[in-house]
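Dear colleague,

Please find below the structure for your records, with its sequence. My notes on what was found follow directly after it.

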Amino acid sequence: MAVLTIENVSKSFRDVSRGETIAALHEVSCTIGDQEFVAILGPSGCGKSTLLNILAGFDAPSHGRVLVDGRPIARPGPDRGVVFQEYALFPWLTVQQNIEFGLRGRAADRSATARRYVELVGLRGFEHRYPKELSGGMRQRVSLARVLAVDPAVLLMDEPFAALDALTRQLMQRELLEIWARTRKTVVFVTHSIDEALTLADRLYIMSARPGRILEVIDIDLPRPRDLAAPQVNDLRGRINGLIEGEVRRAFMERAQALDG
Amino acid sequence: MRSVARRTGRGAVPAAVRRLLTPVIVVLLWEGLVRVGVLDRRFIPPPSVVLATWFVWIFGRGTTISDPYVGTWLSSARDSAVRVALGFGAAAVVGVALGTLVGWFRAAEDLVDPLIQLLRPIPITAWVPFAIIFFGFYTMSAVFLIGLGAFFPIVVNTTAGVRQVPPILVRAARMLGTGSGEILFRVALPAALPSIFTGLRLGLGVAWVLVIVAEMVAVKSGLGYALWNSYYYLRTDVIVAAMFSVGGLGFLSDRILVRIAAHALRWAEAF
């Protein structure tokens, strides 16, 4: 059981080198229900990763607050597992040891649990490899297994498949959906790929260019696995494209003006 | 491409032969130049004499009490090696511990780093008189100098390594429920290991330099002492044999450290 409540969250950073304050998020509010798969979609630099970092507890909001099941988030914790785009595996640990990292209890139990998750992400036979010996897709599987092993209520995924090639990405998306169907976590998935969001999510939050606001919320009531060529999907894609394209153009113009000024 | 060209160019000559060629030529040239008298053998002993002296120094039986270079090599080498081991060992323990704290904790950095940066530019050789006054002409003087000399590269590299721990790994550990103290040992220290080994290698090199300096002036035994003492007797053959002895031991200890590092860092992308 995990409900995420985001209330009027704003975040600004101090850019020390330029001596100005940058607003990354502006009054973002939303509620993400238990076991929902939500995608946050927006142009790059729109603050979607900032929002995820606040949910993870890595950053604190400048204004507003974030609650998990009614309790404010103060720090990172194993109730909210994060899957990073850069995998963030511990390079000095093997696959098995990476997955065991967050586990407590007796060594034998830890080892058995880790082995279960090695199986779940299809890495049997690679337990004793180091991350440097694995492909990008395999590394991201380890990262996913490491987080799932501590059994978080919420899965926060920060463009996890962005660095993978197209085929691997599709495969990973399919496997993530299978795992989600089995484990039923609440998932917050940040992406800049419209198709990825359409493939995965129950609901999309479309964010504006910086400072990030929620422009629109789109529910996707289609059964999975989804056919991305289906007419309903095409309609949605067209609508989202229009929204995001405008934002990308606006962000570009603003940046160009800032450089001129 | 390059390796292919090299292989086709010198296919017939094995690598070991190619690599030994230059040293062998230098030694033969050296021997020849001394024999024909181009080099004065009072100042430069021929390699054959050096080898003979070395052999006697290592394996000779002490028949002539007056000659200190018969059968004494092993105890001299042992004295030097023990001093290096003690000094380097102490420097490794203190350097890694302190470097980790300075690299990780702001307070430790503020308290300790200025002192380290203040003392570091002082050449270790400048500490010799102080070491002798404080510790006397004993092993402790040598161990102090070696320890101090090896300490600085170890502490500086450890600090740099701990500072450069990727923040995302710290985030990953925190999100998995790891406490701050635990993160120091489970994330910062292993992540800094490549830098730590760089520091240890540099420190070990410095240690062998300093054991010779210390034994020349502050202690009356070891290879450095033999080296300096033989200069008084104008035993150039012993001088050269002692030089190569120190070089050999330094090389050997570095190889051992590299082996250990290669095992400890087998996970690293490039080492």
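In what sense do strand E9 (residues 203-207) of chain A and strand E10 (residues 214-219) of chain A pair, and over how many bridges? In this predicted model, the two strands pair in the antiparallel sense, and five bridges connect them. One facing pair in this arrangement consists of Arg203(A) and Asp219(A), the latter in E10(A). The link from E9(A) to E10(A) is a hairpin of six residues.

Pro225(A) belongs to the loop between E10 and helix H7 (231-260) of chain A.

Chain A also contains an open sheet of four strands, in the order E2-E1-E4-E5, with antiparallel pairing. Its edges are formed by strand E2 (20-32) and strand E5 (71-72) of chain A, each of which pairs on one side only. In general, the strands of a sheet are held in pairs by backbone hydrogen bonds, in either a parallel or an antiparallel manner. Within this sheet, strand E1 (residues 4-15) of chain A is joined to E2(A) by nine bridges, and the two run antiparallel. Phe13(A) stands opposite Ile22(A), a residue of E2(A).

Two backbone angles in this part of chain A should be noted. Glu27(A), which is placed in strand E2 of chain A, has a phi near 45°, a positive value in a residue other than glycine. Gln35(A) is likewise not a glycine, yet its phi is positive, at about 65°. Gln35(A) is situated in the loop between E2 and strand E3 (37-41) of chain A.

I turn next to the interface between the chains. On the side of chain A, 26 residues are in contact with 19 residues of chain B. The area buried between chain A and chain B is about 2100 Å², and carbon and sulfur atoms give 65% of that area. In chain A, the residues that lose the most area to chain B are Trp92(A), Phe101(A) and Lys132(A), which together account for 34% of what that side buries.

Arg104(A) forms a salt bridge with Glu182(B), with the closest N and O atoms 3.8 Å apart. Between chain A and chain B, the count of residue pairs in polar contact, with both residues at pLDDT 80 or more, is five. Strand E6 (80-83) and helix H4 (136-149) of chain A each contribute at least two residues to the side of chain A that touches chain B. That side of chain A is made up of 14 nonpolar, four polar and eight charged residues.

Finally, chain B itself is divided into domain 1 (2-39) and domain 2 (73-264). The C-alpha centres of domain 1 and domain 2 of chain B are 35 Å apart.

With kind regards

Methods: Residues numbered from 1 in each chain as written. Chains lettered and ligands numbered in written order. Predicted model: local features only at pLDDT ≥ 70, side-chain atom pairs only at ≥ 80, totals over all residues. Heavy atoms only, no water. Domains from an automatic or database assignment. Contact = heavy atoms within 4.5 Å. Buried area = accessible area lost by both parts, 1.4 Å probe. Salt bridge = Lys/Arg side-chain N within 4 Å of Asp/Glu carboxyl O. Polar contact = N/O pair within 3.5 Å; in protein donor to acceptor, adjacent residues only side chain to side chain. Nonpolar A, V, L, I, M, F, W, Y, C, P; charged D, E, K, R; others polar. Pairing = 2+ DSSP bridges.
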